[in-house]
Amino acid sequence: MPEFDMNGIGNGNGNGLPTPPATPGTPTPLMSSLRVDSLSYERERKSMPRCKCFPVESWTPSHMCVTDFAAPDVSLARKLGAEFVGTFILMFAASAGPILNQKYDGAETLIGNAACAGLAVMVLILSTGHISGAHFNPSLTIAFATFRHFPWTQVPAYILAQVSASICASFALKGVFHPYMSGGVTIPSDTLGQAFALEFIITFILMFVVTAVATDTRAVGELAGIAVGATVMLNILISGPASGGSMNPVRTLGPAVASGNYRALWVYMVAPTLGALAGSGIYTLVKLQDGEGDLPRPVRSFRR
């Protein structure tokens, strides 16, 4: 509270009006030279030391730095709800493009298919990233947990939400576009080895980018949704005709269940998971350490 003299005149700005103190945690003004990261802004606006990704110390018993996961005021049920809805939307959009291609003789084209998935990823990260972290992918969730960016205790619930949303979206597509559901199934167009290699490599690329914008406080995280969405589009353009460009076990599992086509399903379960682990691990090795580069900024939202 500002102090007033006996005449009621404040002692703050020289214009007769008090100058209120800055609120702790208030973000920098928009036109300032310092940027404010909308995806990584701390939910807990308390003036306290910021935890590090790989903790090295603690401050008080009430603020133990175990690891900087989501703020505790976001309940697990709310996170799972966001994951379910987000995965449903992503699956519906990413599978609808290929189905429309099948039904209308290539009306969407490969670029259209890539745009359906990439744009869906972009808007979902921007709209739900602050709630659940916008995983929508069991391989991503497992990789984050492996490298201590996400708690293992929440991994089974996240994967259950993602798998159930994928199956629900696939049956919704089957009801809308029957009998053209087979167009949404990702299967190898050539050998299993080629499909495995492509899915490993494109998921490696995706997870390398995601780990950068989601976990490294020195990376440019303001446009994380655009960066990840563009990576998804790029990967589908690279691999779409050969392997389907899945990068996500539930992208393949849901349509496989709805259509009854389980051909080479193991490829799309194993390769993306291994690729995600490799991509996240490699970025962890090459990222800047403390004291290198720009000063770190608040943590990203993908780790919730």
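Which residues does T128 touch, not counting residues up to four places away in sequence? Keep that in mind while reading these notes on what is a predicted model.

1. Start with T128 itself. You'll find T128 in helix α2, which covers residues 109–132. Leaving aside residues up to four places away in sequence, T128 touches A82, G133, A134 and F136.

2. T128 has a relative accessibility of 12%, so it counts as buried, the cut-off being under 20%.

3. Now for the nonpolar cores. The largest one has 29 residues, and the members touching the most others are F144, M207, V210, V228 and V232. Helices α1 (76–103), α2, α3 (138–146), α4 (155–177), α5 (192–215) and α6 (224–243) each put at least two residues into this core. As background, nonpolar side chains in soluble globular proteins tend to be buried together.

4. Have a look at V232 while you're there. Not counting residues up to four places away in sequence, V232 is in contact with A117, G118, V121, L206 and M247. There's also a second, separate core of seven residues, with I99, L173, M181 and A258 among them.

5. Last, α1. Even so, α1 has a kink of about 30° at A96, shortly before the proline P98. Just after α1 comes D105, with a positive phi of about 55°.

Key. Residues numbered from 1 in each chain as written. Predicted model: local features only at pLDDT ≥ 70, side-chain atom pairs only at ≥ 80, totals over all residues. Heavy atoms only, no water. Helix = DSSP H or I, 4+ residues; strand = E, 2+ residues; numbered from the N terminus. Buried < 20%, exposed > 50% of the residue type's maximum accessible area, 1.4 Å probe, protein only. Contact = heavy atoms within 4.5 Å. Core = buried A, V, L, I, M, F, W, Y, C linked by side-chain atoms within 4.5 Å. Bend = angle between axes of the 7 residues up to and from the residue.
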